Amino acid sequence: MDLDPSLSAILNGANAPFLESLYRRYERDPNAVEPEWRGWFDALAAGAARAANADAGPSWQRKDWPPPANGDMTAALDPGAPAPVIPKAKGKAEAASQEQLHAAAIDSIRALTLIRSYRVRGHLHAKLDPLGLAISPDHPELDPETYGFTEKDLDRPIYIDALGLQTATVRQIVEILERVYCGPIGVEYMHIAELEERAWIQERIEGHDKYVSFTEMGKHAILQKVIEAESFEQFLNVKYTGTKRFGLDGGEATIPALEAIIKKAGALGVQEIAIGMPHRGRLNVLANVMSKPFRAIFNEFRGGSSTPDEVEGSGDVKYHLGSSSDREFDGNTVHLSLSANPSHLEAVDPVVMGKVRAKQDQRGDKDRSQVMGLLLHGDAAFAGQGLVPECLGLSQLKGYRIGGVIHFIVNNQIGFTTSPMYSRSSPYPSDIAKGIQAPIFHVNGDDPEAVVHVAKLATEFRQRFKKDVVIDMFCYRRFGHNETDEPMFTQPLMYQRIKNQPTVTQIYASKLAHEGVVGEAEAKRMTDEFRAVLDTEFEVAESFKPNKADWLEGRWAGLKRARGTVRRGRTAEDENTLRHLINVLTTAPEGFNVHKTLQRQLDRKRETLESGTGIDWATAEALAFGSLLDEGFGVRLSGQDSGRGTFSQRHAVFTDQVTGERYTPLDHVREDAKFEVIDSMLSEAAVMGFEYGYSLSEPNALVLWEAQFGDFANGAQVIIDQFVAAGELKWLRMSGLVLLLPHGFEGQGPEHSSARLERYLQMSAEDNWQVANCTTPANYFHILRRQMHREFRKPLVLMTPKSLLRHKLCVSHLSDMARGTSFHRIMPDHAQTESAGYGKLKPDDQITRVVICTGKVYYDLLEEREAKKLHDVYLMRIEQLYPFPGDSLLEELERFPHAKIVWCQEEPQNMGAWTFVEPFIEKTLEDLDHFLKRPVYVGRPAAASPATGLLSRHKDQQARLLAAALVG
Ligand SMILES: Cc1ncc(C[n+]2csc(CCOP(=O)(O)OP(=O)(O)O)c2C)c(N)n1
């Protein structure tokens, strides 16, 4: 009997006396209680009266309820089954007294409170742990005595209108609730605020036909999968004893569960599933779910490569590799892709989510029902890694929504050698997911039917509500963390227990034999047949040669591996197209109330665009985005406050000052413009990982992640190190992701100055990515467009400006972006490029000093040089630091045979680009046979903290480094 949801929370054990007193008040005067309570009490009193009176009818209103104790519904539905016991109804003659009616209503209140307690806390009594180690203390809220029901009250019929029944005795209620909530499945769902979701789950688990029940064929299929899962691990154990495989032994029910998810999802319209998972059981999933040939896996165990010999790349260990395949169930084909991932647990989660989003966008899957994310987790990692709550946090945000992820925790109750009591502060590893109100299905992994049952339920929930859902499968890890580890060192009691624990297959096969569904001989035949397959595959594994590298396929077809050095790409844009963007970028719709200051900015923007001069950074960026959109590329920018821009420079979204409505000009470049600018959650790792994932699946969108200040990107270091820097080399997967990292020493203190350029440069090798520090809006325009206008994709790490956003010298001409122009890896001196306003430089052979630098310090040097009228000092900017433009530098430096070569940076000596560029410059000088062997370093001395917190000290340091760079 359902009470208004806002009141139903009050139905807990501790409140029973309060409810009773409230009811007494109602009995005295119905108007003395709130209308919601009155309505509920009215219904309850009427029902209780019927129950107490002769016309109550039989207590069991449905003959198929409850099902027999073995949970087999088929028997219950059998017309020949014995009728359920029906408590005797009172005779008509004995009409209930007022007192009896009162007692009946109180009984109802108590019974309903008990029922609600089971819904909330029943999982605490569920039989979840196959090892029986997790002892759940008795919970008084689940004890009828707590509600005043003594032994003699247990068989009295009570009006409940719940659990599919009108009336039932306490004994019957408890029996049903124990079976629903305290069997091999424990459900947590009462924390969900959405009534519809709660009601849906309740209906799916409490209804009379909702017990775990499978057809013979279903049971056979489950057995087949657990046999495959177990035999595969055992086979590897025998053939490659002592080799790490991070086996699934003890958690084999994972395999039929994944099968069930794929099958159910396919039936509910899912066409593609992106999967992410850690090491545990990965080989098993690759083989038995992803259908990776056993021979390929065995070949890798022998040290073979996963890719053909001619394919370059550094490769990865076999339990990190990805794979993709098509699976068909009942005529529904589902494409599966398992992402490659690094050892860093959970780091792949946001990447998979980003991939899903891109695939949904590609398919026009607006309601997100065709592409789904499925993430597997270890219990320790799910509870411990901060990326998990970050990803959960993204799940309902407009810019990152993917229609819900199914999370499957392989809860083997240990993390390496650490027991749960040392690795989390919450009872379950899944508790963190309650924060986003995800339903959680705990399940005993030794009961594969129950596991498959919840897998199906979770899939239905995801498809129905498009929200995250968690399966927490309690199991155990039969061996050590890897197969060479000795678990008895640290968990002797647990492993004593495990030693005697029959395997999942043994338990399930004997259950099915007992039920007469699959005989022992049949189970043995199934096992032998599968072993024979493995034997044959093992034989041919030695000569197995992978025939293709599985990259640059599908949407990537036509792209190629990067070659050559200059690789400019065709980035110039027709001036007419650029002019067409003027209106789009500077006009708000009729009647839209633009903020006055913004209006002034827009007017100014229009002026510069129309005159074709003085174009600032943000305008060049908007032109790059707009022109790409115009050409049909997508543009997706996400970062903290990216819509307005941290420095109030971008204003990619206008906000109406009266209505609060938002307007995004770039959406209107063309009718089907694919533009997204997203103010992200305040996280770095998950958001950057998401965008990286998006870029993996969509080569035709410029995907950018922006740091609020460059140094905050270190919160995403795992994503940078493991994916952005090394992903292509490890896994043959390209990404064109752009990282925008505000950088520059402007006296804002230790944390707002440095984007840690040195780290990116240190990781630069093997043409893995590009690191740049542009100083002109036009060069920024070109480098962004270049990302889409070459035949390969490479990540771009870009130091971006802060004060230069408004610097009078940091402007470009429209003609610098128009036909005939391109990106420059090295930029010449302003005195050379700008006709007016600069002192005339001496001829090249009279230049006494060349100051090479990168980024914003160039403008400081320029202003200082002009002030000092030093016409024999030439300033050279390296705009692209990696790949280092050695050829271009050689050409440029050749012009100045008599110049002292100085490297100037504002960063401390142990930071910035110095240690990276020094050997390149030295090599260039050597090649030129220059009179100096090496460049002179000018910059701040080595430091632990990037910058001083004192503005006066900053200014002093800056003045001194400029002076040292230009003179002396
Ligand atoms: C971020 C990170 N820290 C540490 C490790 C080292 N490590 C590998 S597996 C593991 C234990 C994981 O436990 P759990 O998540 O429960 O998965 P299980 O191995 O038990 O399946 C640890 C600590 C890692 N891979 N990643």
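1. Let's start with a pair: Arg 865 is buried, and Asp 829 is buried too. Buried means under 20% relative accessible area, exposed means over 50%, and partly exposed is in between (1.4 Å probe, protein chains only). Arg 865 and Asp 829 form a salt bridge, with their closest N and O atoms 2.5 Å apart. This pair links distant parts of the chain: Arg 865 sits in helix α29 (residues 857-868), while Asp 829 is in the loop between β19 (826-827) and α28 (830-833), 36 residues apart. For a salt bridge, a side-chain nitrogen of Lys or Arg has to be within 4 Å of a carboxyl oxygen of Asp or Glu. Helices (H or I, at least four residues) and strands (E, at least two) are DSSP runs, numbered from the N terminus.

2. A quick word on what you're looking at. This is a predicted model, where local features need pLDDT of at least 70 and side-chain atom pairs count only at pLDDT 80 or more, while totals for chains, interfaces and linings use all residues. Residues are numbered from 1 along each chain as its sequence is written, and side-chain values use heavy atoms, with hydrogens and water left out.

3. Now the big picture. The protein chain has 32 helices and 24 strands, and its C-alpha trace spans about 120 × 75 × 50 Å along the principal axes. Of its 968 residues, 58% count as buried. Take contacts (heavy atoms within 4.5 Å) between residues at least 6 apart in sequence: 80% of them join residues at least 24 apart.

4. Back to salt bridges: how many does a search of the whole structure find? The search turns up 61. One of them joins Lys 511 and Glu 449, at 3.4 Å from N to O. Here, too, distant parts of the chain are linked: Lys 511 belongs to helix α18 (residues 504-515) and Glu 449 to helix α16 (residues 448-465), 62 residues apart. Lys 511 counts as partly exposed because its relative accessibility is 32%, whereas Glu 449 is buried, at 4%.

5. Asp 153 has 7% relative accessibility, so it counts as buried; Arg 156, at 32%, counts as partly exposed. Both belong to a network of salt bridges that also includes Asp 107 and Lys 152.

6. Next stop, strand β20 (residues 849-853): 5 of its 5 residues are buried. In a regular strand, side chains alternate between the two faces of the sheet. Both faces of β20 are covered, with Arg 849, Val 851 and Cys 853 buried on one side and Val 850 and Ile 852 buried on the other.

7. Which strands pair with β20? One is β21 (residues 873-878), parallel to β20 over 5 bridges, and another is β23 (residues 900-908), parallel over 4 bridges. Strands count as paired if DSSP finds at least two bridges between them. Val 850 has Tyr 874 as its bridge partner in β21 and Ile 901 in β23.

8. Finally, is His 279 buried or exposed? His 279 counts as buried because its relative accessibility is 16%. You'll find His 279 in the loop between β4 (272-276) and α10 (282-288). Setting aside neighbours within four places in sequence, His 279 contacts Arg 245, Phe 246, Tyr 319, Leu 345 and His 481.
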